[in-house]
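Morning, everyone. Have a look at the structure before I start.

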Amino acid sequence: VVLRVETQSGVPLAAAVNFACHPVCGGSNLYAVSADYPGEMRWVLARELGVPSLFLLGAAGDQVPAWREGDARRRVGQSLGGAAVSAWHRAREVEGPLGVASVTAELPLRSFEPVDRVQARLEALTDPSVPEAWRDRYELEMAKLFGCRASLPNEVQAIAAGEWGLVTGPCEILVEIGLHIKQKSPFAHTMFASLAGENLGYMPTDDALREGGYEATTTALGSGAGAALIAGALEALRAARST
């Protein structure tokens, strides 16, 4: 989804592009400091439209680029930039007052191992920083932060105008959750921005938690977290629409 911002006389000011895919094209220098494909996308918009642009990462928790080698950053970024330029030129004006809203979604947390048990496992290693111990290091961090809590309040923010709405969610959210919010949204055009809140790892669906895997184990969240965020996001969107 692309938001086109211009003056009342039609002079272009800026663009916001919402897309759900991990910025991990990488290639041979995966861990180098880089703006990855969003940087390439912003370059295309600056060249073709003459405007600065804001990249909003959607629910990309389980979405990765199809191309991740060689010049993948350029290929993905310029492909996305081309699609964004096309959307910019096809954009329809939205009419209506600007509305904002904020609600609190109470996110259930999972149970954590006792801190002393995880710490003992790490201390038993010759080098606790080895890559193989990353899961224990993550468990220790989460247990220290949230081990005594059953849930965590998270602010969900929304902004809207006419038939366009934007709503936020924390951490790295699986795409199914973001799609559900868009499908149930009261707006014809909805942006969903992740990584806006607490660092809780991933936000899996309940099915993903039952199935296991990387995202299901690299999270502080428990069953029902996705449903709680969906409910909070829809409430915030409805509130922003009515203000």
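Which residue in strand 3 does A16 stand opposite? A16 stands opposite L54.

Some ground rules. This is a predicted model, where local features need pLDDT of at least 70, side-chain atom pairs count only at pLDDT 80 or more, and totals for chains, interfaces and linings use all residues. Residues are numbered from 1 along each chain as its sequence is written, and side-chain values use heavy atoms, with hydrogens and water left out.

Now the overall picture. The chain has eight helices and nine strands. Those are DSSP runs numbered from the N terminus: helices are H or I with at least four residues, strands are E with at least two. The C-alpha trace spans about 65 × 45 × 25 Å along its principal axes. Of the 243 residues, 42% are buried. Buried means under 20% relative accessible area, exposed means over 50%, and partly exposed is in between, with a 1.4 Å probe and protein chains only. Take the contacts in the chain with a separation of 6 or more: 77% of them come from residues 24 or more positions apart. A contact here is heavy atoms within 4.5 Å.

Strand 2, residues 12-19, pairs with strand 3 in the parallel sense over five bridges. Two strands count as paired if DSSP finds at least two bridges between them. V17 has its bridge partner in strand 3 too, and that is F55.

Strand 3 is mostly covered, with four of its five residues buried.

Next, the antiparallel strands. Strand 4 and strand 5 pair over eleven bridges. A161 has W164 of strand 6 as its bridge partner. Strand 5 and strand 6 form a hairpin with two residues between them. G162 sits in the turn, with a positive phi of about 60 degrees.

On to charges. There are ten salt bridges. The criterion is a side-chain nitrogen of Lys or Arg within 4 Å of a carboxyl oxygen of Asp or Glu. Start with E139 and R110, whose side chains meet at 2.7 Å, N to O. E139 lies in helix 4 (134-146) and R110 in the loop between strand 4 (98-108) and helix 3 (115-123), so this pair ties together parts 29 residues apart in sequence. Are these two buried or exposed? Both E139 and R110 are buried.

Compare R74 and D71. Their closest N and O atoms are 2.3 Å apart. R74 is partly exposed at 38% relative accessibility. D71 is partly exposed as well, at 35%.

Then R117 and E113, with closest N and O atoms 3.8 Å apart. Shared partners join E113, R117, R121 and D136 into one network of salt bridges.

Last, the cores. A nonpolar core is a set of buried Ala, Val, Leu, Ile, Met, Phe, Trp, Tyr and Cys residues joined through side-chain atoms within 4.5 Å. How many residues does the largest one have? It has 35, and V167 and I181 have the most contacts inside it. Strand 4, helix 4, strand 5 (151-161), helix 5 (175-184) and helix 8 (225-242) each give two or more residues. Helix 8 gives the most, with nine. I181 touches V167, F192, I230, A233, L234 and L237, not counting residues up to four places away in sequence. Apart from this core lies another, of 19 residues, among them A15, C21, A84 and V85.
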